[in-house]
Amino acid sequence: MVESEQVGVDHAYACFTAMRASTPSLSAFAAASGGPKSGNALVGTGAHQQRSFDLDGQRLVFARVVAPEEDGPRSYYVGRRRVHDDDREAVVVNWESDQGYRWLYARADDREGVLFKRILRCDEHIVTGYTDEFGSDPGAVGMVEGRVPDKEFGWVDPLLAELARGRDSSMRDIIETIQREQLAIVDDQHQGVLVVQGGPGTGKTAVGIPRIARMLGRSGSLLKTDRILVLGPSQEFVKYIAGAFASLGVGDVPRNDLPALWNAREAEHDFGLIAGFKAGPRMAAVLSRAVEDCISNPKVPLARVCKGRNFFSFSFGGSSTEVPAASLFSITAEEMSAEAAYEVRAARCRSRIVGLLHEAFRRDHPRVEEDFSDQIHRMCEQTGLFNAVAPELKPGEVLQRLLASEVVLKRVCSGIATDAELRQLRDRTTRYQRRQWTYEDRVCLQELRYLLQGPDPELTWDHLVIDEAQNVTPMEARELARRCPSGSMTVMGDLAQRLAPYSYFDWQELARTLAPGKAIKVVELCIGFRALPRSWTSRPPWAGSCHRKPPFR
């Protein structure tokens, strides 16, 4: 029986090889382009097509089904790539497609229209065994329903073989070992935040990565590979999942470790009350106050620019003009109280002040036809008027001003921080004079960047996949929410394995911060498909560097 199955697999590989040979080379794609811009796009397309034929040592097929057709039952393979013969007839159906997924998901009690299903065990292109899940193969005499092991080779279940191999530093074949409980989550079409809760060995990561492939392969999907970001706790995680993407043929899905987003890979962590305070949701209110505190009293610097007088004077070409300081203050108060990022408010304030000064100059000197707007703008910069009403603020300067001053800390944190938290923050003010930013500080800098500059559209994604999400703090979650405005996320983790300084009551609390106003669904993996070897004290190999670094003291 293995010999007859091998004939079919050999045919599938022959068709696959023929398709690869017929794919144009990169030079051919470049030659077909009409210019540099279209050339880059075509070469990129060609590179993706050529990569799709790289199986990286993984097997092409892992199941065969017999499905009814108009001209009678027909046999198809389900595998990693779509393969057709010279007549463009399907030989291998990609598991990511709607049809391939239904066939892969089919079981004896839910056959999805399949007459017969056989799970194959292959060493690349060599068939080493199989098991028949249900039905009878119309092309094989004597086949009966149920499991039929191969007598010569013996059957080895793919999951058991993977468990026996144990985890190493790479994540390899997912689909051939994924179980039906996990497969149902892979195909879940929830539009908001899908949270996958599961203990050690339940296969959370083995769900999140294939779900990307399924989302991309689903009929009518508008999701693009380069609009997805996969996040994990460490650089080791990024390396660990690289093999999984290659085996699925998904392409170059962007992936990164969470500390890299904040430029905090080498940063130490805060400790004790300070860590929980900076990582928690109250810190967002503190930082918002810190920005407003920088501009809370513009009358003092404005009086200095006006040299103690109740007006601001300037001149061009021997002609001078005076503008009441009250008018300048009125514009400043109105614009700075608006709901917008600080730099947007500051730009509007400066523009209105230039307009006010130019209008006053033209009023006092109606015979002057020249437009002095540019000169007035430069004059406002040189005299310090702009700096008085709308000073330039940078994230690091705002954070240092807050944390390095006991006076500012007390004023800004009043009613938010507890007395104990405030005491610990005050004890460390001298350290912040040197800007020795901790991990939590670097996350705060991202919040300040948003408060000052607003959202950055260049840093947004259409879908986020977050592994070990139980360690994502509320302050990190706020920034991730801004980087995925669609609110479409796959979140994996186990609240019982939390290491972060902030404790969530449940997944809903985190999900509401990650995607405010979006639908939330929590599913749980209850079966431990993989037990942790004794050699692992607590975490898998890829998590080696995601332990918290020594606290900042």
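The expected span of a helix is 1.5 Å times one less than its number of residues, with helices (H or I, at least four residues) and strands (E, at least two) taken as DSSP runs numbered from the N terminus. For the twelve residues of α11 this rule gives 16 Å, and the end C-alpha atoms of α11 lie 17 Å apart, which agrees.

The model is a predicted one, in which local features need pLDDT of at least 70 and side-chain atom pairs count only at pLDDT 80 or more, while totals for chains, interfaces and linings use all residues. Residues are numbered from 1 along each chain as its sequence is written, and side-chain values use heavy atoms, leaving out hydrogens and water.

A view of the whole chain comes next. The protein chain holds 23 helices and 14 strands. Of its 553 residues, 50% are buried (under 20% relative accessible area, with exposed over 50% and partly exposed in between; 1.4 Å probe, protein chains only). Considering contacts (heavy atoms within 4.5 Å) between residues at least 6 apart in sequence, 70% join residues at least 24 apart.

With α17 (residues 395–403), the axes of α11 (residues 282–293) come within 10 Å and cross at roughly 100 degrees; axes are lines fitted to C-alpha atoms, for helices over the stretch in contact, and angles run from 0 to 180 degrees between N-to-C directions. The two helices are therefore roughly perpendicular (65 to 115 degrees; under 35 is roughly parallel, over 145 roughly antiparallel and the rest oblique). On the α11 side the contact is made by M283, V286, L287, A290, V291 and D293, and on the α17 side by V398, L399, R401 and L402. These residues comprise eight nonpolar, no polar and two charged (Ala, Val, Leu, Ile, Met, Phe, Trp, Tyr, Cys and Pro are nonpolar, Asp, Glu, Lys and Arg charged, and the others, Gly among them, polar).

Leaving aside residues up to four places away in sequence, H358 touches D371, F372, S373 and I376.

Two loop residues complete the picture. E124, between β5 and β6, has a positive phi of about 55 degrees although it is not a glycine, and is partly exposed at 40% relative accessible area. N263 sits between α9 and α10; its phi is also positive, near 55 degrees, and at 60% relative accessible area N263 is exposed.
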